[in-house]
Amino acid sequence: MRIAEHIAALDEEGVRLAEAASRAGLDALVPTCPGWQVRDLLRHVGGVHRWAMAHVITGRRQPFSTREEAEFFAAVDDRELLDWFREGHRALVDTLAAADESVECWTFLPAPSPLAFWARRQAHETAVHRADAESAVSTVPYWDPSFAADGIEELLSGFFGRPGGRLVADPPLSMALAPTDIDAGWTFHIEPAGRRLVAGETPAQLTIMGPASELYLLLWNRSGTERLELRGDAAVLDLWRTRATITWN
């Protein structure tokens, strides 16, 4: 996907997140984020948007300190929270759209450029949290297969392409992902010392088939397997659910 496509997706996902949050109300529980209410979700995503925007605007080459980060997540009154979220989302979209493609700043995953990184990362950050907001009103989002496949690729090759982490297995396990609505596929190997991604669907202990949008939700631990077909050892998915977690750090 191109930078402009990621920015357009970020724009739409933020609008839909706000709409779902408004329908649910701030007190509503977020089933996909145990312990959170909608107000917690808005504060988190609104802070992330401001944090991301600050890197692009300032051209900062190092991550913010914990103390500096706290300023982006400063709480606002409940009466102002939804507007605060919308203002931060709109500012991020406008900042990315106006940024020079040669802008240099800190990033934390491989990307063709810092602007490409931030546009992609915030598009998927917002999309996944839109799913959280929709869970508060008992609805499930759907994404275009190309966007969902892009998000799967970012998760597997980006986040889980980094060294370290809890997602390891001895003996090794493997999981193939076969979207039924786009020409794509991945085979993910979970090994004693890390992880290995192979492009395409190859023989694996567990193969999961279904729409890319459903695979995207599953891999981000936002849904179950009700709308997917599983072939093989479901214990591989049990390991994924307990250890494949992305947290704010």
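Is C33 buried or exposed? C33 is buried, with a relative accessible area of 11%, where buried means under 20% relative accessible area, exposed over 50% and partly exposed in between (1.4 Å probe, protein chains only). C105 is also buried, at 8%. The structure holds zero disulfides, a disulfide being a pair of cysteine sulfur atoms within 2.5 Å.

The model is predicted: local features need pLDDT of at least 70, side-chain atom pairs count only at pLDDT 80 or more, and totals for chains, interfaces and linings use all residues. Residues are numbered from 1 along each chain as its sequence is written, and side-chain values use heavy atoms, with hydrogens and water left out.

Helices (H or I, at least four residues) and strands (E, at least two) are DSSP runs, numbered from the N terminus. Helix α2, residues 38–58, has 21 residues and reaches 30 Å from its first C-alpha to its last. That is close to the 30 Å expected at 1.5 Å a residue, the expected span being 1.5 Å times one less than the number of residues. Of the 21 residues of α2, 17 are buried, so this helix is largely enclosed by the rest of the structure. Just after α2, G59 takes a positive phi of about 65 degrees.

The largest nonpolar core has 61 residues; such a core is a set of buried Ala, Val, Leu, Ile, Met, Phe, Trp, Tyr and Cys residues joined through side-chain atoms within 4.5 Å. W118, L177, I208, Y216 and W240 have the most contacts inside this core. Helix α5 (residues 114–135) gives the most to it, with nine residues. Apart from this core lies another, of 18 residues, among them A18, A21, A28 and A133.

Five strands form an open sheet of mixed pairing, in the order β3-β2-β1-β4-β5; two strands pair if DSSP finds at least two bridges between them. β3 (194–199) and β5 (229–232) stand at the edges with a single partner strand each, so one side of each is left without a neighbour in the sheet. Strand β1 (residues 173–179) pairs with β2 (residues 186–191) in the antiparallel sense over five bridges. The bridge partner of L173 in β2 is I190.

Helix α6 (residues 145–158) packs on the sheet, touching β1, β2 and β3, where contact means heavy atoms within 4.5 Å. The direction of α6 makes about 20 degrees with that of β2; axes are lines fitted to C-alpha atoms, for helices over the stretch in contact, and angles run from 0 to 180 degrees between N-to-C directions. Helix α7 (residues 212–219) lies across β1 and β4 (206–210), running at about 145 degrees to β1.
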